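Visitor: I'd like to learn how to read a structure like this one. Could you walk me through it?

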Amino acid sequence: MLRFFNTLTRSVHEFQPLEEGKVRMYICGPTVWNFAHIGNFRTFIFGDILRRYLKYKGYDVTHVFNLTDIDDRIINEAAKAGVTIDEFTAPFIKAFWEDFDALGMERPEVTPRATHHVPEMIAIIQKLIENGHAYESDGSIYYRITAFPEYGKLSRIKFDGNITGGSDRIDTDKYDKEDARDFALWKLVGETEEPGWDAEFGRGRPGWHIECSAMSMKYLGETFDLHAGGQDLQFPHHENEIAQSEGATGKLFAKYWIHSEFLKIDDVTMSKSKGNFFTFRDLREQGYSPLAIRYLLLSVPTRKQLNFTFEGLQAAESTVERLRNFRQLVSEAKCDAGANPFIDSSANKALVEFEAAMDDDFNTAAALAAIHNLVREINTHMADEMLLERDRELVLDAISRFDSVFGIFGKEDSEFLDNDIETLIEERNEARRSRNFARSDEIRDELAAKGIILKDTKDGVRWKRA
Ligand SMILES: [Zn+2]
């Protein structure tokens, strides 16, 4: 029985989807103005584990994961570079999906972009204006918090003392709002050069929060099962999503909310100014493997803070290598026919423990312990030559079940396809163009380890299997 902590109720409940056997879930995706950092990826990898585990439990999952491809930073950076918004975001969107795939995440069913859903946002804003939940001021449209008495039910932030009509404003919005807490749904652009969309209430652009209300309800319905995202989004972003959606529909927006805690680097908050800010690409350039990065980011349960250290990453590198070697060893072991009852029970116990851990608020640390215990026990049996043919199947089957959720064993060498080889060769070419010879050599070694031989010719790089 799957139970987890729901931020909305502040308690642990048994998961009961709205429709039997189906889960409709939404996770806030990246703002594509830059490369995503490892804190972002911690949340996204949790989203991947969440969807995979729900599938493991037999649910039919519809997972919507948005890209925010319009906001003030994107508009400013695009203007500075003298390109359109689409031109500015295209390379970051491409890079994001490359990183996403490299980290072994399954692509969500729907990956909508904000700029492709402006009419849906306009429709919600129109509804909010009509039912008194929104108003116009200086051409822009604001959400009227006083019209939604439940405001604050997710974040439980107490606003007493902060509510103000005049002097001590809590933000610096230049337009007049009825209440300092009111937030923009639509920013007036008018006839300026700035990017904008035509709406009945004036040419403008959407606020950030309205994007997620529009994209989630479009693909999942007005009420859906599960909404997740980083802890930093709980307020105001998620609180505002609830206010907008429930204000427009009068119905519950999302039944369960899950928030991923922050990631720190050596116990310090990650920030560019402190020089401890890492994108996935930074770690790749330092030679760390995507599998190890994935392992480290999922090894701590999502509601606990994760302290990222390079020693931890190095250890994760050895762990995933040990896991891969173990699987290989079991696959290639010379086994006599028959079955050893000890192994049957070890494999079963490991699967039961794995599932019990995941059912307990997605305790990934305990689930990993179940995998490591099995590896230890089977290694002992193999050393005693007690692994028989039927046992081998049971162990490999258990591994593939764990890995359908965690994705930490990586591909088997036989799954290492031409495509992957071409991708690595392209990455090596890129490394050489940017004179990163360390990375280029590393890729050559990585390929050599898989029996792929590279030959540099005047027509480019040729490869063959040894
Ligand atoms: Zn969102």
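Guide: Let's go from the overall layout down to single residues.

Guide: This is a predicted model, where local features need pLDDT of at least 70 and side-chain atom pairs count only at pLDDT 80 or more, while totals for chains, interfaces and linings use all residues. Residues are numbered from 1 along each chain as its sequence is written.

Visitor: How many helices and strands are there in the chain?

Guide: Helices (H or I, at least four residues) and strands (E, at least two) are DSSP runs, numbered from the N terminus. The chain has 14 helices and 15 strands.

Visitor: And what does the radius of gyration tell me about the chain?

Guide: That radius is taken over C-alpha atoms, and the globule rule is 2.2 Å times the number of residues to the power 0.38. For 466 residues the rule puts a compact globule near 23 Å, and the chain's 25 Å agrees with that. The C-alpha trace spans about 80 × 60 × 35 Å along its principal axes.

Visitor: Which domains does the assignment give?

Guide: Domain bounds come from an automatic or database domain assignment. Here you get domain 1 (20-264), domain 2 (309-414) and domain 3 (416-460). The centres of domain 2 and domain 3, taken over C-alpha atoms, are 31 Å apart.

Visitor: How do I describe two packed helices?

Guide: You give the angle between their axes and the distance between the axes. Axes are lines fitted to C-alpha atoms, for helices over the stretch in contact, and angles run from 0 to 180 degrees between N-to-C directions. Take helix 2 (residues 72-81) and helix 3 (residues 85-102): their angle is about 105 degrees and their axes are 8 Å apart.

Visitor: Which residues meet between helix 2 and helix 3?

Guide: Two residues are in contact if their C-beta atoms, placed from the backbone, lie within 7 Å. From helix 2 come I74, I75, E77, A78 and A81, and from helix 3 come I85, F88 and T89.

Visitor: Is A367 buried or exposed?

Guide: A residue is buried if 20 or more other C-beta atoms lie within 10 Å of its own, exposed if 12 or fewer, and partly exposed in between. A367, which lies in helix 11, is buried because 26 other C-beta atoms lie within 10 Å. Leaving aside neighbours within four places in sequence, A367 is in contact with F354, A357 and M358. Over the whole chain of 466 residues, 36% count as buried.

Visitor: What does L8 touch, apart from residues up to four places away in sequence?

Guide: L8 touches L154 and W257. Look for L8 in the loop between strand 1 (3-6) and strand 2 (11-14). L8 and L154 are 146 residues apart in sequence, yet their C-alpha atoms are 5.0 Å apart. With 19 other C-beta atoms within 10 Å, L8 is partly exposed.

Visitor: What about backbone angles?

Guide: Most residues other than glycine have a negative phi, and most peptide bonds are trans. E385 is not a glycine, although its phi is positive, about 55 degrees. E385 sits in the loop between helix 11 (364-383) and helix 12 (389-406). R435 has a positive phi near 55 degrees too, and R435 is in the loop between helix 13 (418-433) and helix 14 (437-449).

Visitor: Where is there a cis peptide bond?

Guide: A cis bond joins F235 and P236, with omega about 0 degrees. You'll find P236 in helix 6 (residues 234-249).
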